[in-house]
Amino acid sequence: MDVRNCKLCGGLFNFTGNPLCPLCNKKMEEKFAVVKQYIRENPKSSIAMVSEETEVPMQQLKRWIREERLSFSKDSGVVIQCEKCGAAILTGRFCKECKKTMTNSFESLYQSPARSTGEKKSSANARMRFIDK
């Protein structure tokens, strides 16, 4: 059992992967619902305006955008930068080009290398050897 302190209230709770206790997590999800509803009703509002109207810190709003939980319309003027190349994006951490590049590089790591020789290792070389005492 992993017991930790909540990042918001400091209370002890059984850690299950979320750094917030169940009560603070519930409050945060309620705030998220309020923010999401506000953005639906006011699609052209900026991050500062959403933060002011919903009383949610801008840092939290940006965190939700990075987690791809929130997305603003193109008309709102809200953009964040790709963490790799700095391109303007609406949500997430990386732009489409950087995601594609990273996916290709990750896939190439998992592809089995082609054997240069078709020879099979002999079982004589693969034997276990013991040192006499």
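Below are questions and answers on helices, cysteines and one serine.

This is a predicted model, where local features need pLDDT of at least 70, side-chain atom pairs count only at pLDDT 80 or more, and totals for chains, interfaces and linings use all residues. Residues are numbered from 1 along each chain as its sequence is written, and side-chain values use heavy atoms, leaving out hydrogens and water.

Q: Why is α1 called roughly perpendicular to α3?
A: The axes of α1 (residues 22–41) and α3 (residues 58–66) cross at roughly 80°. The label covers 65 to 115 degrees. Therefore α1 is roughly perpendicular to α3.

Q: Which residues of α1 and α3 meet?
A: Met28, Lys31, Phe32 and Val35 in α1 meet Gln60, Leu61 and Trp64 in α3. Contact means heavy atoms within 4.5 Å.

Q: What rules out a bond from Cys9?
A: The closest cysteine sulfur to that of Cys9 is also in Cys24, at 3.7 Å, too far for a bond. The disulfide count comes to zero.

Q: What makes Cys6 count as buried?
A: Buried means under 20% relative accessible area (exposed is over 50%, partly exposed in between; 1.4 Å probe, protein chains only). Cys6 has 5% relative accessibility, so Cys6 counts as buried.

Q: Is Ser76 buried or exposed?
A: Ser76 has a relative accessible area of 11%, so Ser76 is buried. Ser76 touches Pro43, Lys44 and Ser45, not counting residues up to four places away in sequence.

Technical notes. Axes are lines fitted to C-alpha atoms, for helices over the stretch in contact, and angles run from 0 to 180 degrees between N-to-C directions. Helices (H or I, at least four residues) and strands (E, at least two) are DSSP runs, numbered from the N terminus. Angles under 35 degrees count as roughly parallel, over 145 as roughly antiparallel, 65 to 115 as roughly perpendicular and the rest as oblique. A disulfide is a pair of cysteine sulfur atoms within 2.5 Å.
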